[in-house]
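Here is a short report on one protein model. Look at the sequence and the structure first, then read on.

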Amino acid sequence: MCMNFEDKPKDECGIFAIYSATTQDLASTCYYGLYQLQHRGQESAGIAISYGNDIKYYKNTGLVSEVFAGDILKELPEGDIALGHVRYCTKDEVSVVNAQPIVYHGKCGDFALAMNGKITNADELRKSLVKEGVIFQSNIDLEVIANLINKYTEGENVIIGVKKAVEVLEGSFAFVLITSTSVIAVRDRFGLRPLVFGTHFDDYYVSSESCALDSLGVDVERDVAPGEILVINNEGTKSYYMDNIERRPCIFEYVYTARADSVIDERSVYKARFECGRRLAEKIKIDADMVAGVPDSAVVAARGYAAGSGIPYIDVLEKNRYVGRTFIQPTQAFRENSVKIKLNVHKANVQGKRIILVDDSIVRGTTSKKIVDILKKAGAKEVHMVIASPIVKHPCYTGIDIETYDQLIGAYRNESEISKIIGTDSLHFMDVEDLIDCCKAHAGDTFCAACFDGKYPDNIEEKVLKRKGD
């Protein structure tokens with residue numbers, strides 16, 4: 001069972017792919033790329049290697065280091081194309097069946113596929129394919145995409161299958177498909193989920209985040225554009241584009257999901273978070289002794305607030321580095337004390353102090369309440385929380401696991417009501433306009449900030465609710 005004990009929304013996964021000019025040990029390189037994307041998914045991991053006309057793969061539940069422990073990597077063949085994936089489960093149970101990549105035996109031969117996102121019309125498409133005689137082995141959206149690609153493939157031209165399949169998909173998707181000859185990287189027409197492209201000598205790389213490319217010394221060339229189908233093969237690269245492109249990348253990548261050392265759509269995640277903190281310091285004046293951040297994703301914004309306010313930044317919480325973003329506790333007592341397992345207080349730093357505690361977001365409120373409680377029990381005189389994003393008021397239907405209003409503490413409450421529940425001396429959120437402004441790489445950039453403002457691209461919420469009503 002997938003158990004989430006952190007008061008943060010989760011993205012589904014991370015993707016890493018390689019096209020090499022020479023046959024070599026790509027499994028190890030892919031492993032290190034996935035290791036850098038571990039924050040995007042901790043329930044399963046997998047690697048597929050294309051060699052000759054075959055694809056061999058291994059996947060299992062667990063962290064990258066657990067899945068590929070021992071001699072597993074050595075058992076994967078040398079090849080010239082590789083595809084790796086780390087997954088976070090949403091509604092689906094953690095199992096090897098639902099792990100990625102998946103390998104499909106189709107009209108054009110074998111291909112492997114991995115994705116990040118959520119197809120909002122997947123159930124409808126699945127039912128239609130079943131009526132046509134298709135048999136499904138899992139309940140993941142990706143298998144729907146694979147069957148659609150196979151359905152529309154003409155002869156051995158899988159690119160035609162990809163082009164036609166994406167025309168009927170709704171929701172969000174960044175996916176990579178590998179064949180015996182090509183890597184095909186696809187990003188939905190809104191660019192909701194990130195995907196970046198890089199090179200190293202004659203080799204090509206695709207990754208969910210640039211941090212994975214940087215760690216391997218790969219030169220980041222650019223982001224895969226919203227609506228782009230990027231084909232990589234022995235002829236180099238060629239791009240095709242979908243119709244009705246409307247750039248609306250998910251702003252929560254900058255708030256929480258992405259690693260701070262990544263650059264997404266030409267905007268440094270670190271700089272966006274730092275600017276959010278500095279902007280908050282301009283607008284929210286609090287008389288306090290120190291500024292602190294909730295590790296890890298809020299630390300950069302907290303440093304920005306400290307720089308903007310002139311109040312010193314001091315650590316008050318220490319994170320257990322051996323506990324991931326999600327984990328399973330063996331007993332009810334452990335479950336109830338999950339925050340204490342993950343975070344410990346620097347008592348000497350907080351006793352008698354007035355603290356401005358910066359966090360990136362509040363979703364359910366349970367973790368925030370526990371953090372405030374342990375700080376006050378450690379002797380903090382006051383705890384003022386400053387949140388580097390607006391109140392999360394609306395669900396996400398495109399791949400982050402907050403799909404109902406009843407999961408959100410802020411759905412029907414204001415700042416003061418939330419503050420009373422979590423026990424802060426004051427609570428302050430960022431305006432959505434300021435957040436968008438801080439995350440822009442260019443003046444005209446737009447984002448999907450629907451979890452904050454309810455403005456869904458392509459009327460996604462209306463379509464999802466209508467399908468549920470049907």
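In which helix does Lys463 lie? Lys463 sits in helix α18, residues 460-469. Helices (H or I, at least four residues) and strands (E, at least two) are DSSP runs, numbered from the N terminus.

This is a predicted model: local features need pLDDT of at least 70, side-chain atom pairs count only at pLDDT 80 or more, and totals for chains, interfaces and linings use all residues. Residues are numbered from 1 along each chain as its sequence is written, and side-chain values use heavy atoms, with hydrogens and water left out.

Leaving aside neighbours within four places in sequence, Lys463 is in contact (heavy atoms within 4.5 Å) with Glu170 and Asp458. Lys463 and Glu170 are 293 residues apart in sequence, but 9.6 Å apart in space, C-alpha to C-alpha.

Now the cysteines. A disulfide is a pair of cysteine sulfur atoms within 2.5 Å. The structure holds zero disulfides. Two cysteines show the sulfur distances:

| Cysteine | Closest cysteine sulfur | Distance |
|---|---|---|
| Cys250 | Cys448 | 6.1 Å |
| Cys276 | Cys438 | 4.1 Å |

The Cys276 distance is too far for a bond. Buried means under 20% relative accessible area, exposed over 50%, partly exposed in between (1.4 Å probe, protein chains only). Cys250 is buried at 9%. Cys276 is buried at 3%. Lys463 is partly exposed at 28%.

Last, the cores. A nonpolar core is a set of buried Ala, Val, Leu, Ile, Met, Phe, Trp, Tyr and Cys residues joined through side-chain atoms within 4.5 Å. The largest has 44 residues. Phe252, Val291, Tyr305, Ile356 and Phe452 touch the most other members. A second, separate core has 32 residues, including Tyr104 and Leu169.
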